[in-house]
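Here is a friendly walk through one model, with an eye on its open spaces and its helix packing. Keep the viewer open as you read.

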Amino acid sequence: RPILLLAVGLVLFTTVAVGFLAHYFLPDFPLAAGFALGAIVSPPDAIAATAIAEHLRIPRRIITILEGESLVNDATALVALRFAIVAVSTGAFSLPHAAVQFVLVGLGGIGAGLAVGYLTVLIQKRIDDPPIEITLSLLTPFAAYISAERLHVSGVLAVVAAGLYHGWRIPEITTSRTRLQAGPVWQMIEFLLNGLVFLL
């Protein structure tokens, strides 16, 4: 509940608040463009907060909430940004319609991600070769994203859902040898991606 309140509730509240404030202080600035601006600035950078929190001996529960929230807040903001861009380009915006579409796009993304996660777990159960299993784990997020985008639902939420499902099932479908080899691979990828994000 705290993760959803922060990652969905707070991000959407911030998006709407920034949109109305931008429109209020700049009357020529369209409300839809204000929502786009709000969607861009609303998700906080949880990676930096988590790195600092680990050095300050903050309780593990708070760090877990921050990390969980960081998985979903960008997805929420990207879906909100998609709707804001459509509103800017068409010139029409309906809050009830956007809310229903937001829920459908979000739930569709989660469903697509769970389906891809389920399929990759079925495939990985039958394989006992660490390089192939690691390759499959590297390809899973791309499969989730592409399939969700083809269905016009949230690719980011699909990747998060597939990753959580796959990660939850990993201990029962892989050997210790595979996990020992996969750990350093994923640590290196996480390091490279975090560095790239900070550089960008």
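About 300 Å³ of space lies in the second largest pocket. Its lining is made up of 16 residues, and those closest to its centre are Val8, Val72, Gly106, Ile110 and Leu157. Two or more lining residues come from each of helix H1 (2–25), H4, helix H5 (95–125) and H7. H5 gives the largest share of the lining of this second largest pocket, with six residues. By class, the lining of the second largest pocket holds 14 nonpolar residues, two polar ones and no charged ones.

Before going further, please keep in mind that this is a predicted model.

### The largest pocket

How much space lies in the largest pocket? The volume there is about 2,000 Å³. The largest pocket is lined by 44 residues, and the ones closest to its centre are Leu71, Val159, Trp186, Glu190 and Leu193. At least two lining residues come from each of helix H3 (46–55), helix H4 (60–90), helix H6 (130–150), helix H7 (155–173) and helix H8 (176–199). Which helix supplies the largest share of this lining? That is H8, with 12 residues. In the lining of the largest pocket, 23 residues are nonpolar, 14 are polar and seven are charged.

### The chain as a whole

The chain has eight helices and zero strands, and its pattern along the sequence reads α-α-α-α-α-α-α-α. Taken along the principal axes, the C-alpha atoms fill a box of roughly 60 × 40 × 30 Å. The chain has 200 residues, of which 34% count as buried.

### How the helices pack

Two packed helices are described by the angle between their axes and the distance between the axes.

| Helix pair | Angle between axes | Axis distance |
|---|---|---|
| H1 and H4 | about 40° | 8 Å |
| H2 (residues 31–41) and H4 | about 160° | 8 Å |
| H6 and H8 | roughly 40° | within 9 Å |

H4 takes part in a pair with H1 and in another with H2. The axes of H2 and H4 make an angle of about 160°. Because that angle is over 145 degrees, H2 counts as roughly antiparallel to H4. H2 passes H4 in a left-handed crossing.

The axes of H6 and H8 cross at roughly 40°. H6 is therefore oblique to H8, and the crossing of this pair is right-handed.

His152 sits in the loop between H6 and H7. Its phi is near 60°, a positive value in a residue other than glycine. Is His152 buried or exposed? With a relative accessibility of 63%, His152 counts as exposed, because the cut-off for that class is over 50%.

Tyr118 lies in helix H5, the helix with the largest share of the second largest pocket's lining. The relative accessible area of Tyr118 is 45%, so this residue is partly exposed. From Tyr118 to Ser147 there are 29 residues along the sequence, and their C-alpha atoms are 14 Å apart in space.

Ile65 belongs to helix H4. Ile65 has a relative accessible area of 14% and is therefore buried, since buried means under 20%. How far is Ile65 from Leu119, C-alpha to C-alpha? The two atoms are separated by 28 Å, and the residues are 54 apart along the chain.

For a last look, return to the two linings. Around the largest pocket, the seven charged residues stand beside 23 nonpolar and 14 polar ones. Around the second largest pocket, no residue is charged, and 14 are nonpolar.

Methods. Residues numbered from 1 in each chain as written. Predicted model: local features only at pLDDT ≥ 70, side-chain atom pairs only at ≥ 80, totals over all residues. Heavy atoms only, no water. 1 Å grid on protein atoms, 1.4 Å probe; cavity = no way out; pocket = protein on both sides within 12 Å on 5 of 7 lines; lining within 4 Å. Points joined across faces, edges and corners; volume = space filled by probe spheres on them. Helix = DSSP H or I, 4+ residues; strand = E, 2+ residues; numbered from the N terminus. Nonpolar A, V, L, I, M, F, W, Y, C, P; charged D, E, K, R; others polar. Buried < 20%, exposed > 50% of the residue type's maximum accessible area, 1.4 Å probe, protein only. Axes fitted to C-alpha atoms, helices over the stretch in contact; angles between N-to-C directions. Parallel < 35°, antiparallel > 145°, perpendicular 65-115°, else oblique. Left-handed = near helix turned anticlockwise from the far one by under 90°.
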